[in-house]
Amino acid sequence: MNGKSVKTTIANISKLPLPIILVIKELFKGGIVVKSIEDAFTLISSKPHGHVAVVMHMIKKLGIPKLLAHRDSHNRRLVLGMTAARVLHHSSKLATSTLLDRCSASSTLNEELVLKRVDSDDLYQAMDWLIERKTDMESRLAKRHLTEGEMVLYDLICSYVEGKQNEFAAFGYNIDRKRGKKQCIV
């Protein structure tokens with residue numbers, strides 16, 4: 001009045017519990033207050049993420065995406081998905097395709113790789129894409145990790161094969177001493 005401010009006390013809140021005082025302050029700032037977290041959010045889905053985050057971080061830190069191909073592609077993301085799935089849930093290609101498919105994914109791996117529909121045929125096509133890059137990837141890995149004349153030691157596993165139609169199997173020495181059986185070296 002007459003250019004002077006007038007102070008009027010409507011209520012004294014200083015004796016209220018601190019949480020209530022903080023709520024009143026938030027309301028005076030124009031904020032909103034909800035009774036519970038359930039009132040504030042609608043849960044659409046809940047999938048485990050921590051294990052996916054760790055594996056994908058290591059895949060990126062090791063430079064595997066650039067080793068596979070310099071540019072992002074659907075096949076590169078599928079191969080990265082198969083690599084991560086091998087660490088997270090070692091299983092068949094069919095089970096891996098279920099893990100990577102948007103509709104049946106049980107983790108956030110699908111979202112991390114921006115994949116949509118994935119079936120086992122997609123994974124086999126991505127493996128064909130990968131085998132075409134094998135020599136180039138081996139050369140880049142050798143340049144990254146080896147010096148001229150350095151020796152590389154590696155181990156092979158031989159498994160005998162039941163059945164007759166396997167283009168990768170051949171007769172040879174089998175560590176299991178299975179005579180008359182074709183084997184695959186992996």
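## Close-up views of a predicted model

**View 1. Arginine 144 reaches the backbone of leucine 62.** A polar atom of the arginine 144 side chain sits 3.1 Å from the backbone oxygen of leucine 62. A polar contact here is a pair of N or O atoms within 3.5 Å; within protein, one must be able to donate a hydrogen and the other to accept it, and residues adjacent in sequence count only if both atoms are side-chain atoms. Arginine 144 belongs to helix 9, residues 134-145 (helices are DSSP runs of H or I with at least four residues, strands are runs of E with at least two, and both are numbered from the N terminus). Setting aside neighbours within four places in sequence, arginine 144 is in contact with Leu62, Gly63 and Leu67 (contact means heavy atoms within 4.5 Å). Arginine 144 counts as partly exposed because its relative accessibility is 42% (buried means under 20% relative accessible area, exposed over 50%, and partly exposed in between, with a 1.4 Å probe and protein chains only).

Before moving on, a word about the model: it is predicted, so local features need pLDDT of at least 70 and side-chain atom pairs count only at pLDDT 80 or more, while totals for chains, interfaces and linings use all residues. Residues are numbered from 1 along each chain as its sequence is written, and side-chain values use heavy atoms, with hydrogens and water left out.

**View 2. Aspartate 101 in its loop.** Look for aspartate 101 in the loop between helix 6 (93-100) and helix 7 (109-113). Is aspartate 101 buried or exposed? With a relative accessibility of 5%, aspartate 101 counts as buried. A polar atom of its side chain lies 3.1 Å from the backbone nitrogen of cysteine 103. The side chain of aspartate 101 also meets that of arginine 117 in a salt bridge (3.3 Å, N to O); the term means a side-chain nitrogen of Lys or Arg within 4 Å of a carboxyl oxygen of Asp or Glu. Arginine 117 lies in the loop between helix 7 and helix 8, so this pair ties together parts that are 16 residues apart in sequence.

View 3. Why are the two about one helical turn apart? They are separated in this way because they stand 4 residues apart in helix 9. Aspartate 136 is partly exposed at 42% relative accessibility, and arginine 140 is partly exposed at 22%.

**View 4. Aspartate 72 and arginine 77.** The side chains of this pair form a salt bridge (2.9 Å, N to O). Aspartate 72 is partly exposed, with 49% relative accessibility, whereas arginine 77 is buried, with a relative accessible area of 18%.

**View 5. Inside the largest nonpolar core.** Among its 24 residues, Met56, Leu100, Leu109 and Leu113 touch the most other members (a nonpolar core is a set of buried Ala, Val, Leu, Ile, Met, Phe, Trp, Tyr and Cys residues joined through side-chain atoms within 4.5 Å). Helix 5 gives the largest share of this core, 7 residues. Leaving aside neighbours within four places in sequence, methionine 56 is in contact with Ala84, Leu109 and Leu113.
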